[in-house]
Amino acid sequence: MRKFNGKSNLSGQLIENALRKKNMKKQDFCKKLQLMGINIEYVHLFRIIKGTVILKDFELLAMCKILDLDYDELKNLVDDKK
């Protein structure tokens, strides 16, 4: 499996920080994703946050919509790692 700086995705930390900022529980976040048709259980979300699984583009888009994240925040993740 391809990795970038030892992680399968770079968005996990951004997602975790946004959850904290919004004071949203991970279980509640999973429920909101499910209402959007994205079936992510708590264990899978934990793995996404830890960077051990690949995050699909449609999952990332739904997460950004719920957490009010924009493209620049995602782009900065890659720019900061260069």
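Is K22 buried, exposed or partly exposed? I found K22 partly exposed, with a relative accessible area of 36% (buried is under 20%, exposed over 50%, partly exposed in between; 1.4 Å probe, protein chains only).

A note on the source: this is a predicted model, where local features need pLDDT of at least 70, side-chain atom pairs count only at pLDDT 80 or more, and totals for chains, interfaces and linings use all residues. Residues are numbered from 1 along each chain as its sequence is written, and side-chain values use heavy atoms, leaving out hydrogens and water.

Next I looked up salt bridges (a side-chain nitrogen of Lys or Arg within 4 Å of a carboxyl oxygen of Asp or Glu), and the count is two. In one, K22 meets D68 at 3.1 Å, N to O. D68 sits in the loop between α4 and α5 and K22 in the loop between α1 and α2, so the pair ties together parts 46 residues apart in sequence. I noted D68 as exposed, at 56%.

Helices here are DSSP runs (H or I, at least four residues), numbered from the N terminus. E16 and R20 form a salt bridge at 3.4 Å, N to O; both lie in helix α1, four residues apart, about one turn. E16 is buried at 12%, while R20 is exposed at 57%.

Last, I checked M63. Its contacts (heavy atoms within 4.5 Å) include I15, F29 and L33, not counting residues up to four places away in sequence.

Note on methods
Helices (H or I, at least four residues) and strands (E, at least two) are DSSP runs, numbered from the N terminus.
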